[in-house]
Amino acid sequence: MKPFYHLAFSCVLFSFCFLLSCTTTEMADKIIFNAQVFCVEEGEIFAEAIAIKDGKILQVGSEEHIMVKRNNNTEMIDADGNFVMPGLIEGHGHLLMMGESLAQLNLNDAESWEEIVNLVAAATAEADPGQWIVGNSWHQDKWLDTPADGIDGYPTHHSLSSVSPDHPVLLYHASYHALFANAKAMELADINKNTPNPDGGLIRRDAEGEAIGVFEETAMGLIRSAYTKERESWPVADWMAQKKAWIQRAEQEAFSYGITSFHDLGLPWEDLKLLRSMAASGELDISVFAMVREPIRELERSIAYLPIINEGETGFTVRTVKAFVDGALGSYGALLLEPYSDQPETYGQLVTSIEVLEEMANLCIENGLQFSVHAIGDSANRIALDIYEAAFDHAEKLKNARWRIEHAQHLHPDDIPRFGELGILASMQGIHCVSDAPFVPTRLGEKRSRDGAYVWRSLIESGARINNGTDVPVESIDPFESLYASVARKKPQAEKSFYPEQKMTRLEALQSYTINNAFAAFEEKTKGSIKSGKRADIIILDRNLLICPDEDLPNTQVLKTLVGGKVVFSGS
Ligand SMILES: [Zn+2]
């Protein structure tokens with residue numbers, strides 16, 4: 001028996017799910033049975049089984065009704081009484097960078113600088129002569145002690161340079177707003193005592209003015225350009241093969257977390273072409289909703305190829321232009337209406353001029369494209385809302401265009417209702433809220449944090465649609481951590497929630513990761529819920545995400561991931 005149904009749901013509700021499906025005599029090529037099927041669109045109503053045919057959902061309902069779709073050729077998948085739901089949609093990530101970061105040294109768990117030096121030493125021993133050693137996700141706050149010869153809380157490069165004298169080393173900070181380089185990398189980047197700090201960047205130095213190895217914000221570009229220069233010398237075919245391998249690695253990782261669709265938040269046309277060719281040749285199973293991100297003059301050229309919508313039914317789509325209004329809050333880049341509470345001279349940075357943003361908005365309208373801008377501070381969000389509102393001659397046209405604001409992290413209270421009123425989508429990341437929580441009140445002060453930071457509850461109540469995601473590789477792609485952050489507004493180990501009055505309900509959080517992300521990509525007719533006719537993007541999980549305790553959410557294990565009816569991941 002399935003005690004779950006007796007516990008929580010009535011047969012009346014459940015047969016509603018069944019009635020939504022069509023009554024057809026077509027036979028299924030796959031059936032998922034013995035399941036608690038959460039369909040999403042009907043709310044907390046459950047079905048028992050799903051029939052699949054030709055990659056699409058044929059019917060959903062009770063086992064009794066689905067089993068008549070079975071014949072000798074039907075493959076049966078026993079869900080073992082587990083929770084089944086539509087595949088999760090990553091609403092904001094970077095697929096190529098994610099794959100690249102997975103191929104690098106992961107320093108996330110390092111508890112000391114010494115441990116990092118040892119990991120680099122081991123990687124150096126395995127590397128080809130002169131090969132770059134690249135790592136990511138170190139964070140000095142995770143170290144149990146501060147390095148003895150440290151400066152400003154950071155170690156100096158000497159220990160790293162001595163274990164890797166001939167291999168350049170580049171280690172990204174967990175925030176991706178700083179990196180650590182060894183002597184060889186600094187030599188290749190021509191860094192010396194006289195190298196000035198670039199605009200918007202900082203080279204950390206010792207008492208003698210020598211670089212210690214830490215490069216912040218735009219100063220990271222000095223080391224990165226030495227790194228990419230080396231890669232540019234590769235034959236084109238090798239470089240393409242490398243990128244493909246990264247994409248496929250990212251895809252596998254996504255499937256292991258139950259992600260079946262991925263919104264890629266901006267690539268140059270060259271990388272979009274690569275993804276497009278992979279999708280066309282069957283080398284990409286995950287469906288990618290990608291945005292084009294290029295300087296305006298180049299954009300004018302690439303736009304001629306757009307939109308590309310679900311080409312060859314592969315799920316590959318490009319119909320969105322991505323741009324930036326401001327930077328990040330942690331590094332004082334977010335553009336604020338009033339100065340930073342902990343730096344009263346600073347308002348943050350406008351990174352694209354208003355004229356260019358307006359030009360891009362017009363290009364989008366002329367070409368029938370969606371526009372999506374990164375805006376974190378309240379001033380940046382107001383600029384985006386104003387530009388969006390002014391670009392259309394009719395409010396209904398703006399609503400239909402489904403333009404997005406990425407992050408929408410800090411809003412002036414007057415602007416909160418504008419999202420719902422104008423039909424502008426707030427593409428937020430649950431996990432960012434809890435990662436940023438320790439420094440948000442320092443940057444914004446108590447009042448601005450309470451009234452406007454990550455206010456998804458206020459947005460939902462004023463009629464806005466919230467999307468969810470992780471901004472991988474800035475955060476791990478793990479959707480269960482981000483779902484937990486969305487409903488608990490804290491890290492699992494933290495004691496206090498960050499303004500708990502702004503929590504999402506469990507159902508809202510799950511909708512933000514499924515049907516809302518589908519809507520933000522104009523894909524709600526084919527994805528985001530379990531419904532007859534939709535793509536069979538389905539996941540089987542080891543716990544019921546609607547009723548398990550909050551604390552259990554981050555431990556969710558994916559048992560199976562199906563994309564277009566094909567099993568692409570099986571867990572243990
Ligand atoms: Zn991003």
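These are my notebook entries on a few places I looked up in this structure.

**Confidence.** I began by recording that the model is predicted, and that the mean pLDDT of the protein chain is 92, with 96% of its residues reaching 70 or more. Over residues 1–24 the pLDDT is below 50, and beyond near neighbours in sequence I find 29 contacts for this stretch in the model.

**H9 and H10.** I next looked at how helix H9, residues 236–256, meets helix H10, residues 269–280, and noted that their axes come within 11 Å and cross at roughly 65°. The crossing of H9 past H10 is right-handed. On the H9 side I listed Met240, Lys243, Lys244 and Ile247 as making the contact, and on the H10 side Leu274, Leu275 and Met278. Sorted by class, this contact has 5 nonpolar residues, no polar ones and 2 charged ones.

**H19.** Is helix H19, residues 479–488, largely enclosed or exposed? I find that 10 of its 10 residues are buried, so H19 is largely enclosed by the rest of the structure. The buried residues include Glu481 and Ser482 as well as Phe480, Leu483 and Tyr484. Among the elements that cover them I noted strand E8 (88–93) and strand E15 (259–267), together with helix H16 (430–436) and helix H20 (506–512). Just after H19, Arg489 takes a positive phi of about 50°.

**Asp378.** I then turned to Asp378, which is found in helix H13, residues 378–391. With 27 other C-beta atoms within 10 Å, Asp378 is buried, the cut-off for that being 20 or more. Leaving out residues up to four places away in sequence, Asp378 touches Leu336, Leu337, His410, Leu411, His412 and Gly452. Of these I checked His410, which lies 32 residues from Asp378 along the chain, while their C-alpha atoms are separated by 5.1 Å.

**Ile212.** My last entry concerns Ile212, in strand E14, residues 211–217. Ile212 is buried, with 20 other C-beta atoms within 10 Å. Its contacts, not counting residues up to four places away in sequence, are Ile151, Tyr154, Thr156, His157, Arg204, Arg205 and Asp206. I also recorded that Ile212 and Ala520 are 308 residues apart in sequence and, from C-alpha to C-alpha, 44 Å apart in space.

Technical notes
Residues are numbered from 1 along each chain as its sequence is written. This is a predicted model: local features need pLDDT of at least 70, side-chain atom pairs count only at pLDDT 80 or more; totals for chains, interfaces and linings use all residues. Axes are lines fitted to C-alpha atoms, for helices over the stretch in contact, and angles run from 0 to 180 degrees between N-to-C directions. Helices (H or I, at least four residues) and strands (E, at least two) are DSSP runs, numbered from the N terminus. A crossing is left-handed if the near helix is turned anticlockwise from the far one by less than a right angle, and right-handed if clockwise. Two residues are in contact if their C-beta atoms, placed from the backbone, lie within 7 Å. Ala, Val, Leu, Ile, Met, Phe, Trp, Tyr, Cys and Pro count as nonpolar, Asp, Glu, Lys and Arg as charged, and the others, Gly among them, as polar. A residue is buried if 20 or more other C-beta atoms lie within 10 Å of its own, exposed if 12 or fewer, and partly exposed in between; C-beta atoms are placed from the backbone. pLDDT is the predictor's confidence in each residue, from 0 to 100.
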